[in-house]
Amino acid sequence: MTKRNSFLKKIYKINKHGYITGSSLILIAICLIPGAIKSASEVFCIGQSSNKIWLLENNHSEANMIAVQRCNGRN
């Protein structure tokens with residue numbers, strides 16, 4: 001038990017505020033999750049819409065423009 005305690009004391013001396021840093025990083029990561037979900041869903045929507053539009057029009061650039069407009073909330 002003394003070896004473990006001395007090891008923990010060494011770690012604590014090296015990074016005294018490590019728990020604050022760790023909890024701050026976890027909080028930042030949790031705050032970024034909603035934006036990541038939104039971005040991932042937009043990318044998925046653009047891919048699916050672009051494919052469907054391209055099958056109808058056979059024009060890549062126009063299909064991509066229309067898909068981006070639809071997935072970003074514009075008609």
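Modeller: Here is a quick walk through the helices and the cysteines. This is a predicted model, where local features need pLDDT of at least 70 and side-chain atom pairs count only at pLDDT 80 or more, while totals for chains, interfaces and linings use all residues. Residues are numbered from 1 along each chain as its sequence is written, and side-chain values use heavy atoms, leaving out hydrogens and water.

Biologist: How many helices and strands does the protein have?
Modeller: Three helices and zero strands, counting DSSP runs numbered from the N terminus (helices H or I, at least four residues; strands E, at least two).

Biologist: Where's the kink in α2?
Modeller: At I33, shortly before the proline P34, and it's about 35°. The bend is the angle between axes fitted to the seven residues ending there and the seven starting there.

Biologist: Which residues of α2 are buried?
Modeller: S49, S50 and I53, with buried meaning under 20% relative accessible area, exposed over 50% and partly exposed in between (1.4 Å probe, protein chains only). They pack against α3 (60-71), with contact meaning heavy atoms within 4.5 Å.

Biologist: Switching topic: what does the disulfide join?
Modeller: C45 to C71, S to S 2.0 Å; the cut-off for a disulfide is cysteine sulfur atoms within 2.5 Å. C45 lies in helix α2 and C71 in helix α3, so the pair ties together parts that are 26 residues apart in sequence.

Biologist: And is C71 buried or exposed?
Modeller: C71 counts as buried at 13% relative accessibility, whereas C45 is partly exposed at 28%.

Biologist: What about C31?
Modeller: C31 is exposed, with a relative accessible area of 54%.
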